[in-house]
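Me: Could you zoom in on one part of this model for me and walk me through what lies around it? I'm new to this, so please keep it friendly.

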Amino acid sequence: MEMTIGKIRPSPTNPRRVFNGIDELAESIKAQGILQELLVRPIEHDEYEVEIVFGERRFRAAKAAGLTFVPVQVRNMGDKEAHELQMIENVQREDLTLLEEADGYQALVDRHGYTVDQIVERTGKTRATVYARLKLASLTKDAREALESGRMVASTALLVARVPMALQARALKLVARDGEPRSAREAMDA
């Protein structure tokens, strides 16, 4: 089924916040069309009819390509199921950032009462990975920026996340730096 772009809205619960390669995908869409439909769910909203469950990158590229209609699969689902599908679809992709993954897992816990074991079961990730990502979700804004900018590596960010939030700024000053970031081992010695 095809639907007009103006009746589709992106999901506020999509864990992905960075959408790379939109221009390239838009060029591909101009040449080949959209090869995989978007999964959407009906919503009650004045302006929109459906919300994207997954396929937001294709949606953005279709808009950039000037399309008016996009292929969609409409499926009735509640917030919990939609959020779970978003996480499962996104964590299987390699370009999801650590913090996007961390925030997605934290949202499953906070909004829907998921346990670590339920996240492990549904995503196929290990318990250690899920626990580590959930810990990263507790980083302060400055620590998040250091991780995202490359001033701090993931293993060091995990050490900083284990420090109480009130002390993270101090810990960050010791371990994050421009140029070559400190390893977790170097950070422990700092």
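Reply: Let's start with a definition: two strands pair if DSSP finds at least two bridges between them. Keep in mind, too, that this is a predicted model.

The part I'd pick is strand β3, which covers residues 38-42. Who are its partners? Strand β5 (residues 69-74) runs parallel to β3, and three bridges join the two. If you want a spot to look at, find Val 40, which stands opposite Val 74 in β5. Strand β4 (residues 50-54) pairs with β3 as well, but in the antiparallel sense, over four bridges. Here you can look for Pro 42, whose bridge partner in β4 is Val 50.

Now, is β3 enclosed or open to the outside? A residue is called buried when its relative accessible area is under 20%. Four of the five residues of β3 are buried, so the strand is largely enclosed by the rest of the structure.

From there, let's hop over to helix α3 (residues 79-91), where you'll find Gln 86. Its relative accessible area is 0%, so Gln 86 counts as buried. What does Gln 86 touch? Leaving out residues up to four places away in sequence, its contacts are Ser 11, Thr 13, Asn 14, Pro 15, Ile 52 and Val 53.

Next, the empty space. Rolling a probe the size of a water molecule over the atoms shows where such space is left. The largest pocket holds about 250 Å³. Both β4 and α3 turn up again here: together with α2 (56-64), each supplies at least two residues of its lining. That lining has 16 residues, and Gly 55, Arg 57, Arg 58, Glu 89 and Arg 93 are the ones nearest the centre. By type, the lining splits into seven charged, five polar and four nonpolar residues.

The second largest pocket has a volume of about 180 Å³. Helix α4 (98-112) and helix α7 (141-149) each give at least two residues to the lining, and α4 provides the largest share, with six. Sorted by type, the lining of the second largest pocket has six charged, five polar and five nonpolar residues.

How values were computed: Residues numbered from 1 in each chain as written. Predicted model: local features only at pLDDT ≥ 70, side-chain atom pairs only at ≥ 80, totals over all residues. Heavy atoms only, no water. Buried < 20%, exposed > 50% of the residue type's maximum accessible area, 1.4 Å probe, protein only. Contact = heavy atoms within 4.5 Å. 1 Å grid on protein atoms, 1.4 Å probe; cavity = no way out; pocket = protein on both sides within 12 Å on 5 of 7 lines; lining within 4 Å. Points joined across faces, edges and corners; volume = space filled by probe spheres on them. Nonpolar A, V, L, I, M, F, W, Y, C, P; charged D, E, K, R; others polar.
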